[in-house]
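Please look at the sequence and the model below. The text that follows goes from strand pairing to the metal site and then to the salt bridges.

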Amino acid sequence: MGDTMTTQRNLAHLTWPEVARAVAEGATTVILPLGATEQHGPHLPLGTDTIRAEGLARRLAARLPGALVAPVLPIGCSDEHAGFPGLLSLDAATLAAVIVDCARRMVAWGVTRLVLLSAHGGNGQALALAAERLRHELPVLRVWAPEERLAPDEAVLAVATGAGITPQEFGLHAGEGETSEVLWLRPDLVRAEAAAAGYCGEMATILDTLRRLGLKAVTPNGVLGDPARALAARGDRYLDARAGALAKELLAW
Ligand SMILES: [Zn+2]
């Protein structure tokens with residue numbers, strides 16, 4: 001289980017002379033992972049997207065020469081989960097402001113490229129806002145923020161399909177997909193005995209309701225998908241597929 005990240009990549013584990021040396025040697029890209037604290041069904045912890053963002057950032061950094069990984073931001077924009085206990089959430093403008101503030105400090109010690117790596121779809125508006133503000137306020141910094149996409153990555157879905165997992169099982173939230181990833185990254189936090197299917201219909205038909213009314217209106221247990229066939233080894237492959245697809249885009253950037 002679990003992934004490790006060499007100390008040379010992990011900003012929070014480096015000393016300042018080590019950061020200075022790394023930057024001088026060309027490590028001028030920072031990956032900022034963004035998570036969330038929101039319900040993930042009766043079987044996954046509220047920090048699921050935070051755990052996944054960190055896991056993905058480690059894998060991406062391993063594929064990108066000259067990338068440092070900043071500490072994950074554990075609270076995102078999650079109001080679509082209102083009504084479920086445990087929610088913490090920021091307004092999009094607040095999260096964007098946190099990103100802009102951190103970016104300003106990064107530029108001061110030599111960072112030239114910032115990768116906003118979110119594992120939570122609801123952060124999309126804040127990322128777009130931050131990217132827009134940074135383009136005007138810090139033009140020396142190049143910012144990469146993927147489009148907000150509620151649908152899973154194609155490379156990841158290809159892994160699922162190849163294993164006989166339907167998109168409805170894989171799901172959009174706490175289904176087979178996210179459950180497999182947490183089983184790989186933090187199996188100690190998965191309550192497998194509490195796992196139950198949620199909404200398992202066409203995901204495309206509920207997107208509008210999700211945006212307007214939130215998950216509670218669609219799924220009483222908070223799950224979109226079916227975690228029954230989740231598997232740690234497949235979670236490992238999902239993370240690899242996503243990191244590989246992102247690395248390809250970023251290497252061309
Ligand atoms: Zn999630």
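This is a predicted model: local features need pLDDT of at least 70, side-chain atom pairs count only at pLDDT 80 or more; totals for chains, interfaces and linings use all residues.

Residues are numbered from 1 along each chain as its sequence is written, and side-chain values use heavy atoms, with hydrogens and water left out.

Strand β3 also pairs with strand β1 (residues 29–34): six bridges join them, and they run parallel. In this pairing Ile31 stands opposite Val115 in β3. How many residues of strand β3 are buried? Six of the six residues of β3 (residues 113–118) are, so the strand is largely enclosed by the rest of the structure. Buried means under 20% relative accessible area, exposed over 50%, and partly exposed in between, with a 1.4 Å probe and protein chains only. In a regular strand the side chains alternate between the two faces of the sheet. In β3, Arg113, Val115 and Leu117 are buried on one side, and Leu114, Leu116 and Ser118 are buried on the other.

The metal site comes next. The zinc ion is coordinated by NE2 of His40, by two OD contacts from Asp49 and by two OE contacts from Glu178, at 2.0 to 2.7 Å. Donors are N, O and S atoms within 2.8 Å of the metal (3.2 Å for Na, K and Ca), and the site may look incomplete because water is not among the atoms. Along the chain the donors follow the spacing H-x8-D-x128-E. His40 is buried at 0% relative accessibility, and Asp49 is buried at 1%.

Asp49 also takes part in a salt bridge, with the side chain of Arg52 (2.8 Å, N to O). A salt bridge is a side-chain nitrogen of Lys or Arg within 4 Å of a carboxyl oxygen of Asp or Glu. Side chains of opposite charge can pair when their charged atoms come close. Arg52 and Asp49 are three residues apart in helix α2 (residues 48–63), so about one helical turn separates them. Arg52 is buried as well, with a relative accessible area of 13%. Asp49, Arg52, Glu178 and Glu181 are linked in a network of salt bridges.

The structure holds 15 salt bridges. One of them joins Asp101 and Arg104 (3.5 Å, N to O). These residues are three apart in helix α3 (residues 92–108), about one helical turn. Asp101 is partly exposed at 36% relative accessibility, and Arg104 is partly exposed at 36%. Another salt bridge is that of Arg212 with Asp208, whose closest N and O atoms are 3.3 Å apart. Both lie in helix α8 (residues 207–213), four residues apart, about one turn of the helix. Arg212 is exposed, with a relative accessible area of 57%, whereas Asp208 is partly exposed at 46%.

Conventions: Helices (H or I, at least four residues) and strands (E, at least two) are DSSP runs, numbered from the N terminus. Two strands pair if DSSP finds at least two bridges between them.
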